[in-house]
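Good morning, everyone, and thank you for making time for this.

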Amino acid sequence: MIYRPSSHNIKNAAHIIGLGEVVAFPTETVYGLGADAFNEQAVQKIFGLKGRPSYNPLIVHLAETDQIEEVAWFQRGSKVHETLKKLYRFWPGPLSVVLPRHPLVPDCVTGGLNTVAVRIPAHPVARDFLKACNTPIAAPSANKSSYISPTTAEHVYEEFGEKVAIIIDGGKCEVGLESTVISIVNDVPVILRPGYITREQLEDALGEVKQVSYTVPSRPESPGMLSKHYAPKTKVVLKKNIDPGNLPKKIGFISFGPAGSGEPDIPLTVRDNLSSSGDLEEVAENLYDALRKQDKMGLDLIVVDTCDKTGLGAAIMDRLTRACAD
Ligand code: TXA
Ligand code: MG
């Protein structure tokens, strides 16, 4: 059931976490499906609900930076610690940092890797919930494996119905795309998943930062970054890749600019404009809702606009490229 984020409901949700159950909660990026990171059976329930492969690790969510050493393992003053401190400016916020793991973190959280991804979200409801839980919360996005991440409580309900007993409603997620994932375990930090915190911002904080390429190897460093991901059931194609000689009947178009702008010269059944001013922040915020909406309309094809892969555009085009993958 969907619950409003009253302090009573948040306390109750935290109590349920203590009993080893899962709770869906809002963050500023997307909704998460959370369980006590130190309770292996509880974490296994997340994998079961999502149909997620066990090798794909989860992000551990914390209320405060002083909890990091409960889940990560590094020497004070080490290079990892110094780099981590430079990233504190982005927390609380839409950034997940991959660190060497603490030996007490269960294997199912890390997919058996010797690293752990950590995030301190900024959404006030997430913060209240995490504080009330008083334990690190392992949480992937609250959607079935490979489908589009949820950006409203209703999206979560569409995915799981009553199988998730408590969905805390925090309204529409403001960022709308999953967090940036950066690994700082090696000499040069590597962006494993682009997001709202851009490469430019990370380079400003850290100096040189690498970015894993869009062509995903068969054994990717970040196992969630398999090519087919974030994908509607309907076939999706980028506007620049439309094959005009081979058009199906019912086509939806999702444009980044104002109504009518950049529309391909093909018959369209439905159109959604994500931002009347072409603002990429607004595009990111509205993208998943539009994809979900058009995916429910029985269309043969969804055509999406494109933007430059700089700044936030890198994350938007990353998700769309994956949504289009076969
Ligand atoms: O915005 C977000 O990050 C949302 C909210 C709920 O926090 N969570 C989210 O989780 O998107 P999920 O599980 O859908 O994606 C987590 C990503 C995956 O690509 C996973 O492979 C990667 O983070 N990841 C997690 N732990 C990792 C690790 N130890 N090393 C490398 N990649 C890791
Ligand atoms: Mg996900």
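**A strand, a ligand and a helix**

Let me begin with strand β9, which covers residues 180-183: Thr180 and Ile182 point one way from the strand, Val181 and Ser183 point the other way, and all of them are buried. Before going further, please keep in mind that this is a predicted model.

Now, which strands does β9 pair with, and in which sense? With strand β5, residues 95-100, the pairing is parallel and runs over four bridges, and within that pairing serine 96 has valine 181 of β9 as its bridge partner. With strand β10, residues 190-193, the pairing of β9 is antiparallel and runs over three bridges, and here serine 183 stands opposite valine 190 of β10.

Let us turn to ligand 1, which is surrounded by 28 residues, the closest being Thr29, His61, Arg119, Ser179 and Arg193. For three of these residues I can give you a distance. In histidine 61, an N or O atom of the side chain is 2.6 Å from an oxygen atom of the ligand, and in arginine 119 an N or O atom of the side chain is 2.7 Å from an oxygen atom of ligand 1. In serine 179, a polar side-chain atom lies 2.5 Å from a ligand oxygen atom. How much of ligand 1 does the protein bury? Taken alone, the ligand exposes 680 Å², and the protein buries 97% of that.

As for where the shell comes from, β4 (59-61), β6 (115-119) and β10 each supply at least two of its residues, and β6 gives the most, with four. By type, the shell around ligand 1 divides into 14 nonpolar, nine polar and five charged residues.

Finally, please find helix α6, residues 124-133, where the buried residues are Val125, Ala126, Arg127, Phe129, Leu130 and Cys133. Just after α6, asparagine 134 takes a positive phi of about 60 degrees.

Conventions. Residues are numbered from 1 along each chain as its sequence is written. Chains are lettered from A and ligands numbered from 1 in the order in which they are written. This is a predicted model: local features need pLDDT of at least 70, side-chain atom pairs count only at pLDDT 80 or more; totals for chains, interfaces and linings use all residues. Side-chain values use heavy atoms; hydrogens and water are left out. Buried means under 20% relative accessible area, exposed over 50%, partly exposed in between (1.4 Å probe, protein chains only). Two strands pair if DSSP finds at least two bridges between them. A residue is near a molecule or strand if one of its heavy atoms lies within 4 Å of it. A polar contact is a pair of N or O atoms within 3.5 Å; within protein, one must be able to donate a hydrogen and the other to accept it, and residues adjacent in sequence count only if both atoms are side-chain atoms. Accessible areas come from the Shrake-Rupley method with a 1.4 Å probe; for residues, only the protein chains shown count as cover. Ala, Val, Leu, Ile, Met, Phe, Trp, Tyr, Cys and Pro count as nonpolar, Asp, Glu, Lys and Arg as charged, and the others, Gly among them, as polar.
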